[in-house]
Amino acid sequence: MSRTSQDRQTWRQWLLTDTPTSRAHARAVAAYNGWLRLRANHMAMLGLYILLALLLVALLAPWLAPHDPLAQDLANRLQPLGTPGHPLGTDSLGRDILSRMIYGARITLYIVTLVALIAPIVGLLVGTVAGYAGGWTDAILMRVTDIFLAFPRLVLALAFVAALGTGIENAVLAISITAWPPYARIARAETLTFRNSDFIAAIRLQGARPLRIITRHIWPLCLSSLIIRVTLDMAGIILAAAGLGFLGLGAQPPSPEWGAMVAEGRKFILDHWWVSTMPGLAIFTVSLAFNLLGDGMRDVLDPREGKSG
Amino acid sequence: MAIAEDNPGGRRRSPPLLRHLRKGAATIGAVLITMLGLLFVTFLIGRVMPVDPVLSVVGERASKEVYDDAFRAMGLDKPVLVQFAYYLRDVLHFDFGTSLLTARPVSEDIARVFPATFELATLGTLFGVVLGVPLGVIAAVRRGSWVDQSARVVALIGYSMPIFWLGLVGLLIFYGILGWVGGPRRLDIFYQDIVEPRTGLLLLDSALQGEWGVFRNAFSHIILPASILGYYSMAYISRMTRSFMLEQLGAEYVITARVKGLPERRVIWRHAFGNIKVQLITVIALSYANLLEGAVLTETIFSWPGIGSYITTALLSADMAAVLGGTIVVGLIFVLLNIFSDLLYKFLDPRAK
């Protein structure tokens, strides 16, 4: 089990073995095999590289950005692309667009991470409880889910932001409120397939309570389908957040959120096109990357869907 | 078919008509509950908002008595459930309150702006269907060819592109640089108020009244936003068409048809395509519902005076009655379209029975 007892084996052999020696080992083998399949998919890898680059840019923003993203320089406003010192030009207040985009990566990641944590967890909770409990609990929880699915997402998010007030946190909350129902459906469907299986019955006979069965035995089994779905949904989350920002309901003005930047440049689109176009390209690239990676992960983790989709 | 097999419980099967009625009642019940829930959510949103609804009616300088009277008149002293009942009563009478911004009943405002959205979304869906369906069929028939690959790329870009940005860039290129299309709004100022609004659909009204100059101008204005919405609709429709077709083309009856020596065109369009029509209609209904959502952002870009612009403008001035009224209307249409596609599927497709 430990590395020292297998000195002659390479890591690769250890990860590709057909006879894992422990549960952790088996998991590592499965993960490595998935990774190999994902690596064979060039488009998915491209998406992954883009996202890694985004992560690096966000982490290293203070060192990468040539200027302060909030520093105004009214003498140099609306400078075009390729201006010395401002490779992507400046906006209407003379702020460096490249620096703002670099700092904007942090906001995008912040929003995506929060939504990707909140929505699936709420969905998992609702879906597994509904699926495991059945009966009235199931009927009521699923009705509520249906009601939230009945709204167009963006419109519901708009209404929530209107009630909660503008700002990034409220935008995150509004998007999460509109994003959890599909996860609840998935989690419920998965739960229903396990609920009556023998291993759950065995655990129940051993005296496990519903809480333990759900958290320890059902949740882990729902994870892989949820992860795929989250990755595929990330693109939509980014677009929704940018849309709210664009409408002036997400991140507020001085903050370099990409959607808000597009909105800022909107007034000058005909004469100074780069002000809006550059942050829009950033949104597009990141959401494309999530779509590419999500497609690839679906092929790897969920062979049922296959490549036909 | 043995009855006992179908009914392990041994209960007698009710006659078909009754069964249909019961099924229909269950569907209608589910729909009603969903709609009730939808209204309850909007009601709650209206309750948690930080703006005091009484103050926005009586003004900040009202005396304590006036404030209290208004408070009681609006039913705010009653329990929440009673308030919800009042709210339901109002909504069922299409009374969404009065807009702060326009000082008119919200329902009138919505009736006025809705045709603009309807026109835009319909034309967008039309583009999406006309381009998306053939693209999907060809991509499925020639799987792996350059058509298939480019269809995939087109759809991928459609799923990843922020619609407001595509709208801006489209405006920049086709209006600003090339000058091929009319700019924002539904008409140039010169053509405004010539056509008397009857249906509210400018293209239809102008054509009916023989104002071809207005028609041409209206068309040059709608073509860009409708194409942009149509692009998103096409991305979705072509992907779905492709996967439906692939499923059919792999079926044995297709092989039989080919073995019989039928021309390939007939096999594809009559046999395989004939079988996906119903599924396709449900997809089109769903994509139509999704366009309502896309319309919110597109309308903002193109200053299109539809329901999306109405909601966002109201939002920015904290005009809650207008926001919630708009949300309810969009939500109801969304629900109805979903149910419509569901029912259509159940009635037209024998496999779903």
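Which residues gather in a patch of positive charge on the surface? They are B:Lys260, B:Arg266, B:Arg270 and B:Lys277.

Some ground rules before going on. This is a predicted model, where local features need pLDDT of at least 70 and side-chain atom pairs count only at pLDDT 80 or more, while totals for chains, interfaces and linings use all residues. Residues are numbered from 1 along each chain as its sequence is written, chains are lettered from A and ligands numbered from 1 in the order in which they are written, and side-chain values use heavy atoms, with hydrogens and water left out.

A patch takes residues with over 30% relative accessible area and no salt bridge, joining like charges within 9 Å and nonpolar side chains within 5 Å. A salt bridge is a side-chain nitrogen of Lys or Arg within 4 Å of a carboxyl oxygen of Asp or Glu.

Back to chain B. B:Lys260 sits in the loop between α11 (252-259) and α12 (264-301). This lysine, B:Lys260, is exposed at 62% relative accessible area; exposed means over 50%, buried under 20%, and partly exposed in between, with a 1.4 Å probe. B:Gly24, in helix α2 (residues 16-48) of chain B, is partly exposed at 28%.

Now chain A. A nonpolar surface patch of about 880 Å² includes A:Tyr49, A:Leu59 and A:Trp63. Two elements of chain A, α3 (42-59) and α4 (61-64), each give two or more residues to it. Helix α3(A) gives the most, with five residues. A:Leu59 belongs to helix α3 and is exposed, at 57%.

Technical notes. Accessible areas come from the Shrake-Rupley method with a 1.4 Å probe; for residues, only the protein chains shown count as cover. Helices (H or I, at least four residues) and strands (E, at least two) are DSSP runs, numbered from the N terminus. Lys and Arg count as positive and Asp and Glu as negative; His and the chain ends are not counted. The place of a charge is taken as NZ of Lys, CZ of Arg, CG of Asp or CD of Glu.
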